Amino acid sequence: MAGTHTVLLTLLPIVLILIVLAGVENAAVKGVKDSKAQGASKEVFMPASDASNFFKHRGRRSPRTYEEYYAEQRVKMAANERRREHLEEQNNEYENYLEEERDEQYERTREKNEQWREFHYDGQYPRYPHHRQYV
């Protein structure tokens with residue numbers, strides 16, 4: 001009984017694989033005379049020249065072409081330009097903020113000094129020494 005189970009469990013995957021493979025059509029392109037198979041192969045496969053160009057790529061140590069180098073430099077220059085513009089905009093915003101803060105601080109200080117002078121002015125002397133009239 002145990003031997004029968006072992007044989008069945010061994011043959012079951014083989015039978016399933018054969019059933020699946022029977023449903024699959026032939027993947028080979030050369031030697032097929034069917035027009036239907038030719039049409040399907042044209043949809044799936046590409047010409048040899050395109051395939052060789054598709055898989056062809058530059059090795060790690062081979063020199064880059066001028067076009068590759070130029071394209072990389074354009075990308076870097078565009079990124080640097082965007083970064084420079086962003087930093088310039090941030091700097092302008094910060095300078096405007098500082099200018100407004102300084103103006104407000106100056107105005108508050110001036111008003112405070114003016115109020116102090118008005119409060120402490122007794123009316124007998126000129127407010128500032130340089131306004132005194134020399135005799």
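In what order do the elements of the chain run from the N terminus on? They run α-α-α-α. The model is a predicted one. The chain has four helices and zero strands.

**Surface of the chain**

The chain has 135 residues, and 1% of them count as buried.

The nonpolar surface patch covers about 740 Å². Its members are Val7, Leu11, Leu12, Ile14, Val15, Leu16, Leu18 and Ile19. Leucine 18, one of these residues, is found in helix 1, which spans residues 2–23. With a relative accessible area of 54%, leucine 18 is exposed, because the cut-off for exposed is over 50%.

The other patch carries negative charge and is formed by Glu95, Glu99, Glu100, Glu101, Asp103 and Glu104, which gather on the surface. Glutamate 99 lies in helix 4, which covers residues 66–120. The relative accessible area of glutamate 99 is 48%, so this residue is partly exposed.

**Salt bridges**

Side chains of opposite charge can pair when their charged atoms come close. How many salt bridges does a search of the whole structure find? The search finds six.

| Glutamate 72 | Arginine 64 | 2.3 Å |

Glutamate 72 has a relative accessible area of 30% and is partly exposed. Arginine 64, at 37% relative accessibility, also counts as partly exposed.

Glutamate 81 and arginine 84 both lie in helix 4. They are three residues apart, which is about one turn of the helix. Glutamate 81 counts as partly exposed at 35% relative accessibility, and arginine 84 is partly exposed with a relative accessible area of 42%.

Glutamate 107 and arginine 110 are three residues apart in helix 4, so about one helical turn separates them. Here glutamate 107 is partly exposed at 31% relative accessibility.

**Aromatic pairs**

The structure holds two aromatic pairs. One of them is formed by tyrosine 66 and tyrosine 70. The ring centres are 5.9 Å apart, and the angle between the planes is 15 degrees. This pair counts as stacked, because planes under 30 degrees apart fall in that class.

What separates tyrosine 66 and tyrosine 70 along helix 4? The two residues are four residues apart in the helix, so the separation is about one helical turn.

Is tyrosine 66 buried or exposed? Tyrosine 66 is exposed, with a relative accessible area of 58%. Tyrosine 70 has 42% relative accessibility and therefore counts as partly exposed. The cut-offs place a residue in the partly exposed class when its relative accessible area lies between the 20% limit for buried and the 50% limit for exposed.

How values were computed
Residues numbered from 1 in each chain as written. Predicted model: local features only at pLDDT ≥ 70, side-chain atom pairs only at ≥ 80, totals over all residues. Heavy atoms only, no water. Patch = residues over 30% accessible without salt bridge, like charges linked within 9 Å, V, L, I, M, F, W, Y side chains within 5 Å. Areas by Shrake-Rupley, 256 points an atom, 1.4 Å probe, with all protein chains shown as cover. Salt bridge = Lys/Arg side-chain N within 4 Å of Asp/Glu carboxyl O. Lys, Arg positive; Asp, Glu negative; His and termini not counted. Charge placed at Lys NZ, Arg CZ, Asp CG, Glu CD. Buried < 20%, exposed > 50% of the residue type's maximum accessible area, 1.4 Å probe, protein only. Phe/Tyr/Trp six-rings, centres within 6.5 Å; stacked < 30°, edge-to-face > 60°.
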